[in-house]
Amino acid sequence: MKKLIFFILLVAISATSFGQYRWEVTGGATFSKLSFEDVDSDFGTGFFFSAGYGYVMGVRAKTSIVFSVEILQRNSEIDLFQSQFDLGDPVFIDDPKTEIKALQIGFNPKFRYLFGRGKDRFRPFINVGPSFRLNTSVEFAGVDLESDQYEQLVIGGVYGAGFSQMIGEMFDIMLEVGAMNDFTDNLVDVDSKFFDIYARVGVRFRIYDARR
């Protein structure tokens, strides 16, 4: 019985190893704008960090599925004097412009299509996929909101384009720009969806398989 279990585990590990494509780590800036009822809002600057694993599909390594975990800070500037959102205790500030900040962690499986051939050193690509994110904290006008004032799970989409440049048999450098949008609100019972433009750079590296 033990030998059978060992054999099954060995086969599973071997199959997984054969399918390995690239691990990737990227980071950069996000520029986020929150739709907030009928209140004016502007883009704010935050950060984005992602670590993922790409699994190759099809021939010539043109298509892959990339599974990424991510952490991001999304900031947007709004006009507090126009806002009707209830913070609880009164907040007194000198500047009518203030920020809403959301720190999120999430999971982003995305489909990637690469142009060119599998052995090309320079390869443009496009990405598209859903995002599933948890709000770990939300701050509005300098006040940390209670967990019942914001939604825990936010579902959205990610759409990007970029390129990778091979710098050796094991590594690529990559650059990506794109957009993210929320399908669900961030605040409870309030129209509050983020739209982001992002830019990030990173490294992609091969563990086992020689395919790109």
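Predicted model: local features only at pLDDT ≥ 70, side-chain atom pairs only at ≥ 80, totals over all residues.
In soluble globular proteins, nonpolar side chains tend to be buried together. The largest nonpolar core here has 13 residues. Phe36, Ile100, Val138, Phe140, Leu145 and Leu187 have the most contacts inside it. Three strands, β1 (20-36), β4 (97-114) and β5 (122-140), each give two or more residues to this core. A second core, of five residues, is separate. Among its members are Phe48, Val158, Met180 and Tyr198.

The count of aromatic pairs comes to six. In one of them, the ring centres of Trp23 and Tyr53 lie 4.9 Å apart. Their planes meet at 45°, so the pair is tilted. Trp23 belongs to strand β1 and Tyr53 to strand β2 (residues 41-57), so the pair ties together parts 30 residues apart in sequence. Trp23 is partly exposed, at 37% relative accessibility. Tyr53, at 18%, is buried.

Phe48 and Tyr198 form a stacked pair, because their planes are at 15° and their ring centres 6.0 Å apart. Phe48 lies in strand β2, and Tyr198 in strand β9 (residues 192-205). The pair therefore ties together parts that are 150 residues apart in sequence. Both residues are buried.

A charged side chain also meets a ring: Arg112 lies over the face of Phe125, 4.6 Å from the ring centre.

Lys97 is placed in strand β4. With a relative accessible area of 32%, Lys97 is partly exposed. Beyond its neighbours within four places in sequence, Lys97 contacts Asp42, Glu77, Ile78 and Asp79. The C-alpha atoms of Lys97 and Ser41 are separated by 9.0 Å, although these residues are 56 apart along the chain.

Conventions. Residues numbered from 1 in each chain as written. Heavy atoms only, no water. Core = buried A, V, L, I, M, F, W, Y, C linked by side-chain atoms within 4.5 Å. Buried < 20%, exposed > 50% of the residue type's maximum accessible area, 1.4 Å probe, protein only. Helix = DSSP H or I, 4+ residues; strand = E, 2+ residues; numbered from the N terminus. Contact = heavy atoms within 4.5 Å. Phe/Tyr/Trp six-rings, centres within 6.5 Å; stacked < 30°, edge-to-face > 60°. Lys NZ or Arg CZ within 6 Å of the ring centre and 35° of its normal.
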